Amino acid sequence: MSDTSDPPQTSQPLSPSASPNADEAVPTAAPIQSTAPHRPSRQLRTLDLPERFRAPMTAQALLLGGLLMFVALVFAIDTLRGKTVVVGPAAAIPLALIPAVLWMIYFYLRDIHEPEPTHYVIGVFLLGALVAAPIATFVTDTLFKVPSWGVLPRWGVTEAVAAFLIIAPVQELSKYLVVRFTVYLSAEFDEPMDGIVYMTAAGLGFATALNIQQMTRAPQVALTTAAINAVTVTLAHASLSGVVGYALGRAKFIGSEGHQTRVLSIGLAAAMALSGGFSMIAHVATRHGLDYRPAWGLVSAALFAAVIFALLWVLVNRHLKSSPHRPQGAA
């Protein structure tokens, strides 16, 4: 009797990508490659609060606490001395540098998605202090001789021309150029927020040199007045440069060269207009006729600088939301 049973079936093992039903096979998606240069992640993490809240809160706490301690310490020294003093380089350098360092820490901590290398940020700060500030001072003081245009600041055509057409354009362009032709061309400049980080660093270096120059040139000055003025001037120049930095960061990643030029032109024009307004308010409010009122100048300048800072705060948040390094699904 012949065997009519079917020959034995040999079972074949399924490969990892095989499926019993070909129609149900799920292809494996290729990973998305980022076009930005890879750097080790330095993102801030927290278990208690969302990242977007923790970084600004940490930065603001360090900044406000440090600035209050700085002004309180200087006020205590001023009270003990009981008189105005001649500020030499030994006193002017820390008075100018401490507020700048605190503001720089603030803006550095705001760059939460991929912070920039610290040596790049410090290098740009030094460019603002040692290159941009001397160039701007040479143009305004030596070429145009702006300090000799008038003895008493007042609201007038001469003061407006000096503030809006000479001082503001020269200062903002000098800070812009030291970033545009250095770190802007490097691979580290890989997201829009980098424009704000590096431009504020240049502005803080510029303000530090300017503050040292103002303190050492004054015949005598109250230390508290000098400290508050240093805080205000550093905030103003950091914020003004940050406005340009917003445009610089946006322009680099929008593609069209014509569009880049328009964005940069608008950013520079806005910073120049705000800078001219700051110069007018700070200088004119200081004097009322023959009455010298440093407190009025400080308060007026501080309020105007705070308005510019509020504008920059909005621009920072916009760039953080558009960062290519922002985690997917982040609110």
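This is a predicted model: local features need pLDDT of at least 70, side-chain atom pairs count only at pLDDT 80 or more; totals for chains, interfaces and linings use all residues.
Trainee: What percentage of the residues of the chain count as buried?

Mentor: A residue is called buried when its relative accessible area is under 20%. Applied to the 331 residues of the chain, this criterion gives a buried share of 43%.

Trainee: Among contacts with a separation of 6 or more, what percentage joins residues 24 or more positions apart?

Mentor: The contacts considered here are those in the chain with a separation of 6 or more. Within that set, residues 24 or more positions apart account for 81%.

Trainee: Which residues is Leu248 in contact with, leaving aside its neighbours within four places in sequence?

Mentor: Leaving aside its neighbours within four places in sequence, Leu248 is in contact with Tyr176, Val179, Arg180, Tyr184, Phe189, Met199 and Leu264.

Trainee: Why is the pair of Trp103 and Tyr106 edge-to-face?

Mentor: A pair of aromatic rings is described by the distance of the centres and the angle of the planes. Trp103 and Tyr106 both lie in helix H2, three residues apart, which is about one turn of the helix, and both are buried. Their ring centres are 6.3 Å apart, and planes over 60 degrees apart count as edge-to-face. The pair therefore qualifies, with its planes at 85°.

Trainee: What are the distance and the angle between the rings of Tyr106 and Phe107?

Mentor: Tyr106 is buried, with a relative accessible area of 2%, and Phe107 also counts as buried, at 3% relative accessibility. Their rings form an edge-to-face aromatic pair, and the values are 5.1 Å centre to centre and 80° between the planes.

Trainee: Which residues do ring pairs link into a cluster with Trp103?

Mentor: The count of aromatic pairs comes to eight. Trp103 pairs with Tyr106, and Tyr106 pairs with Phe107. The cluster that ring pairs form with Trp103 contains Tyr106, Phe107 and Phe309.

Trainee: Over which ring does the charged end of Lys252 sit?

Mentor: A charge may lie over the face of a ring, as with Arg180 over Phe181, at 5.2 Å from the ring centre. The charged end of Lys252 is placed 4.8 Å from the centre of another ring, that of Tyr184.

Trainee: Which helix gives the largest share of the lining of the largest cavity?

Mentor: A search of the whole structure finds one cavity of 30 Å³ or more, and the volume of the largest cavity is about 30 Å³. Its lining consists of Met104, Phe107, Tyr108, Val121, Val197, Thr200, Ala201 and Leu204. The elements that give two or more residues to this lining are H2 and H5. The largest share, four residues, comes from H5.

Trainee: Is Ser279 buried or exposed?

Mentor: Ser279 lies in helix H7. Not counting residues up to four places away in sequence, Ser279 touches Ala163 and Ile167. Its relative accessible area is 11%, and the cut-off is under 20%, so Ser279 is buried.

Trainee: What separates the C-alpha atoms of Val101 and Phe125?

Mentor: Val101 lies in helix H2 and counts as partly exposed, at 34% relative accessibility. Val101 and Phe125 are 24 residues apart along the chain, and their C-alpha atoms are separated by 9.8 Å.

Trainee: What is the phi of Lys145 near?

Mentor: Most residues other than glycine have a negative phi. Lys145 is placed in the loop between H3 and H4 and counts as partly exposed, at 47% relative accessibility. Its phi is a positive value in a residue other than glycine, near 50°.

Note on methods: Residues are numbered from 1 along each chain as its sequence is written. Side-chain values use heavy atoms; hydrogens and water are left out. Contact means heavy atoms within 4.5 Å. Rings of Phe, Tyr and Trp (its six-membered ring) pair if their centres lie within 6.5 Å; planes under 30 degrees apart count as stacked, over 60 as edge-to-face and the rest as tilted. Buried means under 20% relative accessible area, exposed over 50%, partly exposed in between (1.4 Å probe, protein chains only). A charge sits over a ring if NZ of Lys or CZ of Arg is within 6 Å of the ring centre and within 35 degrees of the ring normal. On a 1 Å grid over the protein atoms alone, a cavity is a set of points where a 1.4 Å probe fits but cannot get out, and a pocket is an open set with protein on both sides within 12 Å along at least five of seven lines; lining residues have an atom within 4 Å of a point. Grid points are joined across faces, edges and corners, and a volume is the space filled by probe spheres set on the points.
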